Amino acid sequence: MGIVIDHEKCVLCLNCVANCPFGALSVENGRVEVNANCKLCKLCLNNCPVEAISLEENRYEELNKDDYRGIIVYVEHDDGLIHPVTYELIGKARELAAIMNYPVYAVMIGYRIRQKAEELLAYGVDRVLVYDHRELEYFRVDNYTNAFEEAINYLKPSSVLVGATTVGRSLAPSVATRFRTGLTADTTVLEMREDSDLIQIRPAFGGNIMAQIKTTNNRPQFATVRYKVMNSLGKVENPQGVMEVRTLTAEQLASRIRIISYDRLPPVNDIADAEIIVVAGSGVRDEKGLQMVRELAQALGGTVGYTRPMVEKGIGDNHHQIGLSGRSVKPRLIITCGVSGAIQFTTGMNKSDLIIAINSDRNAPIFRIAHVAVVGDLYEILPELLRLVQEGR
Amino acid sequence: MHVIVCIKQVPDSQKVKVDPKTGVLLRSSADTKMNPYDLYALETAIRIKEQTGCRLTALSMGPLSAKEVIAEAMAMGVDDGYLLSDRRFGGADVKATGYTLAQGIKHIDEDYDLIICGRQTTDGDTAQVGPSVSEYLGIPHVSWCRQIDEISEKEIAVKQNLNEYLLTVAMEYPCLITVEKGIYQPRLPSYRLQKASEKKEIRIITLDDLPDNDPDHYGASGSATQVEGIFEPNSELISEVYDGDGLSSARQLYDKLVSEKFVEVR
């Protein structure tokens, strides 16, 4: 399978070479050739004026998609403390599963976690599988992959969702590779088609474009999903699900990774968890402006966030940087002050409940995603706003 | 002892723009560079070489132009360079890329000890190819290493950053690690090494050289995922605009915060 160029038809206009976003086309010995950078985005196909480019499709052995049913959510936890991305994934899995009338499964791997696992049933999970062994006390990719493999062989799910966290992005590729199936990283949008194909959308090129990806002919379909993008649907009224404890053999539990020590890191005041954020962008030019932003955040009971240029200037740290190279946030309220709204920034915050943008440039891209656009000078607006909020009248 | 570092040549991705009329991607230049995260993998590997005297190889996959990043790695201190380059490798997803690299590693040396990768690339951005390579090779891996505690002829001990906690673990060879940005400060290429490496050949590995040379296992054919399309991120409509003078905008904003219950009126 791949892009095929008909050299007879090609007039060497080089339109395709110039427009290939991946640098996958070049002229070799007077002919346009495709190299290994090709991502099959098919832009060249659509833009060739003489239709010299075509896509050679694979001939697949037809997969029976009906052999696979249900969606597994991996339950990430730290010593029983369930990571909040799990509830978001369960919420998304319930929405996706409803389209296919599929069950939602949760798989939890660890040690002394049965009670925590059982609590997940309240969130509308149909079946929770638990792997509870001393050897699984800490995350080790090899025996965790074995446990996950057992769950997949047992349940035969159509899709598997894993949080795109540090653990998730080590575990999911290992399990997906074991099943020789497809995996999409860091997805931000998931949709279910009626033929059970999971449509996975993720930012590419630092968030400049979105890529829509599917797993054509393999099951299960794996996606790691970004934290703070999906909605947790909360608990259900009459949970009907069941918990099932599975046991593994000594061979499956064996690990080639030896734990030496486990140290809990001091909690980082991470902006990803903030409910209210006030962001300072490059339009905040001086210490006086920064002070106003800090005071506004404090008066609203929120946290200050920064754009990448501000962090690069040494104002604010990585834990408070919002955007593709920083944190993704989904607060109830975000007020951006002097932020132009480069896509690398907005990708990290455009799911916020209420977005208020203050910028003096009426055409700033931030206004394309803002719910409230305040066009004006922040040095005029913030002092008055601060006074009103602080005085509460 | 033999350490292999996986590196990649990436485009300068921040420069990509979408033409609003045609939806075509516009690139201001075809500039490429070494994936910045790979510099940390190289620095880690070179320090291990300095400490143990191991043999150090760099492996990349891509078009022939990717020789440039291998040459750069050699100028930093890598002994040998290999490039997996074949048009049949094109269109590879995580699954096919992981497989190709694993096959390349087997081709170079069945008795490798340690594979080192950067945490992610700046173009693919998945952070998932390294773990996939380890699974294909049937060896354990530790991702997100932020410190090497000990290294011997037999095993490596590392600190792994897992957000809320730090796990210190040890693995015997063969194994794979991916290292965090900032594990060590990468050195600059040296002129002397650059001159010396100019005489060395960067060896090209094609599909026919690999232990498994079934083309269906590589590139787009060997991939399980397919890009259906690319598009510009959605832009939503503005619901409210305040564009009066500073004082009136502040008042409107305040009223909004009150009505949304972010400010309590005393």
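This is a predicted model: local features need pLDDT of at least 70, side-chain atom pairs count only at pLDDT 80 or more; totals for chains, interfaces and linings use all residues.
Student: How are H6(A) and H4(B) oriented to each other, then?

Tutor: The axes of H6(A) and helix H4 (residues 129–137) of chain B cross at roughly 40 degrees and come within 8 Å. H6(A) and H4(B) are therefore oblique to each other. The crossing of H6(A) past H4(B) is right-handed.

Student: Which residues make that contact?

Tutor: H6(A) contributes Arg169(A), Ser170(A), Pro173(A), Ser174(A), Thr177(A) and Arg178(A), and H4(B) contributes Pro131(B), Ser132(B), Glu135(B) and Tyr136(B). Sorted by class, the contact of H6(A) with H4(B) has three nonpolar, four polar and three charged residues.

Student: Turning to the sheet in chain A, what is the strand order?

Tutor: The order is E11-E15-E10-E5-E8-E9-E16 in an open sheet of seven strands, with parallel pairing. Strand E11 (183–187) and strand E16 (242–246) stand at the edges with a single partner strand each, so one side of each has no neighbour in the sheet. On average, neighbouring strands are turned by 20 degrees against each other, direction ignored.

Student: How many bridges join E5 to E8 in chain A?

Tutor: Five bridges join strand E5 (residues 71–75) to strand E8 (residues 104–110) of chain A, and the two strands run parallel. Val75(A) stands opposite Met108(A) in E8(A).

Student: Which strands does H6 of chain A touch?

Tutor: Helix H6 (residues 168–178) of chain A packs on the sheet and touches E5, E10, E11 and E15 of chain A. The direction of H6 makes about 175 degrees with that of E15(A).

Student: Finally, what does the domain assignment of chain A give?

Tutor: The assignment gives domain 1 (2–56), domain 2 (65–253) and domain 3 (271–391). The centres of domain 2 and domain 3 of chain A, taken over C-alpha atoms, are separated by 34 Å. Their contact takes 11 residues from domain 2 and nine residues from domain 3.

Terms used. Residues are numbered from 1 along each chain as its sequence is written. Chains are lettered from A and ligands numbered from 1 in the order in which they are written. Side-chain values use heavy atoms; hydrogens and water are left out. Two strands pair if DSSP finds at least two bridges between them. Helices (H or I, at least four residues) and strands (E, at least two) are DSSP runs, numbered from the N terminus. Axes are lines fitted to C-alpha atoms, for helices over the stretch in contact, and angles run from 0 to 180 degrees between N-to-C directions. Contact means heavy atoms within 4.5 Å. Domain bounds come from an automatic or database domain assignment. Angles under 35 degrees count as roughly parallel, over 145 as roughly antiparallel, 65 to 115 as roughly perpendicular and the rest as oblique. A crossing is left-handed if the near helix is turned anticlockwise from the far one by less than a right angle, and right-handed if clockwise. Ala, Val, Leu, Ile, Met, Phe, Trp, Tyr, Cys and Pro count as nonpolar, Asp, Glu, Lys and Arg as charged, and the others, Gly among them, as polar.
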